[in-house]
Amino acid sequence: MSDSSNSPLDLAALRQRIDTIDSDLMRLISERAECAAQVAHVKTADDPDAVFYRPEREAQVLRRVMEENPGPLHREEMARLFREIMSACLALEKPIKVAYLGPEGTFTQQAALKHFGHSAISLPMAAIDEVFREVEAGAVNYGVVPVENSTEGVVNNTLDSFMDSGLHISGEVVLRIHHHLLMSSITRQDKISRIYSHPQSFAQCRKWLDAHYPHAERVAVSSNAEAARLVKTEWHSAAIAGDMAAQLYGLDHVAEKIEDRPDNSTRFLIIGNESVPPSGTDKTSVVVAMRNEPGALHALLEPFHRHHVDMTRLETRPSRTGAWNYVFFIDFKGHVDEPEIASVLEEVRRGAQDMKVLGSYPVGVL
Ligand SMILES: O=C(O)C(=O)C[C@]1(C(=O)O)C=C[C@@H](O)C=C1
């Protein structure tokens, strides 16, 4: 069979099939959206101040999609489609407002959209503590802040903001961070003598820059998006930033994925006013102040070990008040509502000067 004799007919038939499937999909998605709208009525009938966004339920839906995905689409691709469908369904119940560490085009905005989908209203804030303040004031429902990078380590501002805040962590998102060297339409590629970026991005691309642009001036600015904005007007400058900033400012790639470590990723936290019920696969974050005495760290860690609780992170921060001599941020697997976890925390609390549960939340799905 030759392509030329058969393919136009096959193509028409296949497209007709796709049209029929699309109509079915549309009908089913609309049915699903109607269901979600009914869920909203049920929620408000029980409680007029009901919270519509349910992170534990969303995590369960996405996990099921990933488990049952028959292919040929990749399971994450399928989950991303459902992420957007749920985002649209939630917006029908009640649009959700999310503050993130801006400006527009940052990786934190990308994380916010990855977690809440594109139907969420995302609002850029100038600083991490501003994100906390907006959520505390009720001006937005949730906030998204970076907490650690696999290459650069912890984001101290975020940990410090938790010390004074009563907010809960309601989720986490991990984003693979790809940095690109970007130029504008007026940049003369052979004359690049200045490169703008955020200090963390410079650190993550240091070896590549040393090898390819050893003599270019590296100018640190407040965000990658700001770096992308600046190169629009300078013919001898380039920026290191991600895809969102490149798209936002219409920049071209000089070089792609220039991060020194291919697994470079950043973890972001979702902060809100409510605690989250168990989803089945959860994590808990606590902050603990220990007395300044020998064996304090051992006393803190021992109950986790004895109860076989899997600790995923331990950070130390200097305390900011007399009472908080040493402050430890601990993440571990499990939910505070599980009896085993509750007894570990009870033991830790007894041995500590102070302890605060920052939240139990679903382990990031996407
Ligand atoms: O199950 C719910 O509580 C819903 O509101 C429905 C739904 C969904 O579309 O599946 C929408 C928003 C919630 O965050 C969780 C799930």
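Select the shell around the ligand and colour it by residue class: in this predicted model, the shell has 6 nonpolar and 6 charged residues, and no polar ones. Its members are Arg32, Val39, Lys43, Phe52, Tyr53, Arg54, Arg57, Glu58, Met86, Cys89, Leu90 and Glu93.

Taken alone, the ligand exposes 360 Å², of which the protein buries 91%.

Now colour by secondary structure. Helix H1 (3–46), helix H2 (55–68) and helix H3 (75–93) are the elements that give two or more residues to the shell around the ligand, and H3 gives the most, with 4 residues.

Next, hide the ligand and draw the pocket surface; the space that the ligand takes is the largest pocket. This pocket holds about 550 Å³ of space, and of its 23 lining residues, Arg32, Arg57, Glu58, Val61 and Met86 are the closest to its centre. H1, H2 and H3 each supply at least two residues of the lining, but here the largest share, 7 residues, comes from H2. By class, the lining of the largest pocket divides into 13 nonpolar, 2 polar and 8 charged residues.

Move on to the second largest pocket, which has a volume of about 470 Å³. Select Leu101, Thr108, Pro146, His198 and Gln200 to find it, as these lie nearest its centre among 24 lining residues. Two or more residues of this lining come from each of H4, strand S3 (142–149), helix H6 (156–163), helix H7 (199–204) and S11, with H7 giving the largest share, 3 residues. What is the make-up of this lining by class? The second largest pocket is lined by 9 nonpolar and 15 polar residues, and by no charged residues.

Select Leu62, His115, Glu172, Gly364 and Val365, which lie nearest the centre of the largest cavity among its 16 lining residues. H2 supplies the largest share of this lining, 4 residues, and helix H4 (107–116) and strand S5 (168–176) each contribute at least two. The lining of the largest cavity divides into 9 nonpolar, 3 polar and 4 charged residues.

Finish along the backbone. Most residues other than glycine have a negative phi, and most peptide bonds are trans. Select Gly71 and Pro72, which are joined by a cis peptide bond with omega of about 10°; Pro72 is in the loop between H2 and H3. The peptide bond from Gly102 to Pro103 is also cis, and Pro103 is in the loop between strand S1 (97–101) and H4. For positive phi values, go to Lys257, at about 45°, in the loop between strand S10 (252–255) and strand S11 (265–272), and then to His308, near 55°, in the loop between helix H11 (296–306) and strand S13 (311–318).

Technical notes. Residues are numbered from 1 along each chain as its sequence is written. This is a predicted model: local features need pLDDT of at least 70, side-chain atom pairs count only at pLDDT 80 or more; totals for chains, interfaces and linings use all residues. Side-chain values use heavy atoms; hydrogens and water are left out. A residue is near a molecule or strand if one of its heavy atoms lies within 4 Å of it. Accessible areas come from the Shrake-Rupley method with a 1.4 Å probe; for residues, only the protein chains shown count as cover. On a 1 Å grid over the protein atoms alone, a cavity is a set of points where a 1.4 Å probe fits but cannot get out, and a pocket is an open set with protein on both sides within 12 Å along at least five of seven lines; lining residues have an atom within 4 Å of a point. A molecule sits in a cavity or pocket if more than half of its atoms lie within 2 Å of its grid points. Ala, Val, Leu, Ile, Met, Phe, Trp, Tyr, Cys and Pro count as nonpolar, Asp, Glu, Lys and Arg as charged, and the others, Gly among them, as polar. Grid points are joined across faces, edges and corners, and a volume is the space filled by probe spheres set on the points.
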